[in-house]
Amino acid sequence: MTQDRSQSMSDIEAVEFECGACGAINHLPFEKILDLQSAPLCGGCNGTLFRNLDQTYDKLSPKTYIHPLDDESLAALKRIPGVTTLLRSLIRHSFELATRLHHQANFVRVGPKQLPEIWKSFVYAGKVLSIAEEDLPELYVYQDPVPNAYTFGVENNFVAISTGCLNLLNEEEILFVLGHELGHVHADHVLYKSAARVFGSVASTVIQATMGLGSLVVYPIQIALLRWDRASELSCDRAALLVVKNP
């Protein structure tokens, strides 16, 4: 960037991009970057400056977009002995089945013949992130005026998006949300995201049942989960940007 990093985004006038083909340095006005409709051309070789702007990716690795805080926090969580096995057993044998049945009974299942435009965006987001259509999780729409979306599950992941989200956002913004949720699937976040959603209620039950002794085990896991949970959102915003390719 041509300005100091301590400046706010609104103070940045232009951003430097090196052409991957000829190596020429291009300066693009910041305001232009925020409103890109197509890939700009290099001033040196007249080729496409952002060669990946209009393409999907083959065998995309989550390491491409995983945020350092996500990587660091998840590594710390996994260092707790037996935590992955504990969380997998906890979710799979209780919350996953109940939540799945609730979704199937009360939510609208999205597919090629039901809300097809949303499904089309979902398939496209998956394609960009190297998730084949047959490997996509189930997608549901639920009625709630509060804008929200989430991913849940252990062995059978599913994504849910609220009507409040669909009513508030335009088509590209909905694509961003779907790309974000599929980022959790692609980056193998879903077990830990699911655990973060339910662990609070389970933790209080364990602590009460063990007269407080369970807190010695529960609190370190809960703190590590919550710290990672926030960091994982940074990674999946990056995944969503790869899908929409629009800052």
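Predicted model: local features only at pLDDT ≥ 70, side-chain atom pairs only at ≥ 80, totals over all residues.

Colleague: Why is the pair Arg 227 and Glu 72 called a salt bridge?

Modeller: A salt bridge needs a side-chain nitrogen of Lys or Arg within 4 Å of a carboxyl oxygen of Asp or Glu. Here the closest N and O atoms are 3.3 Å apart, so the pair meets the rule. Arg 227 sits in helix H8 and Glu 72 in helix H2, 155 residues apart; helices are DSSP runs (H or I, at least four residues), numbered from the N terminus.

Colleague: What makes Arg 227 buried, exposed or partly exposed?

Modeller: Buried means under 20% relative accessible area, exposed over 50%, and partly exposed in between (1.4 Å probe, protein chains only). Arg 227 has 45%, so it is partly exposed.

Colleague: And which label does Cys 165 get, and why?

Modeller: Cys 165 is at 5% relative accessibility, so it counts as buried.

Colleague: How do you know whether Cys 45 is bonded to Cys 22?

Modeller: A disulfide is a pair of cysteine sulfur atoms within 2.5 Å. The sulfur of Cys 45 is 3.8 Å from that of Cys 22, its closest cysteine sulfur, so they are too far apart for a bond. The count of disulfides is zero.

Technical notes: Residues numbered from 1 in each chain as written. Heavy atoms only, no water. Helix = DSSP H or I, 4+ residues; strand = E, 2+ residues; numbered from the N terminus.
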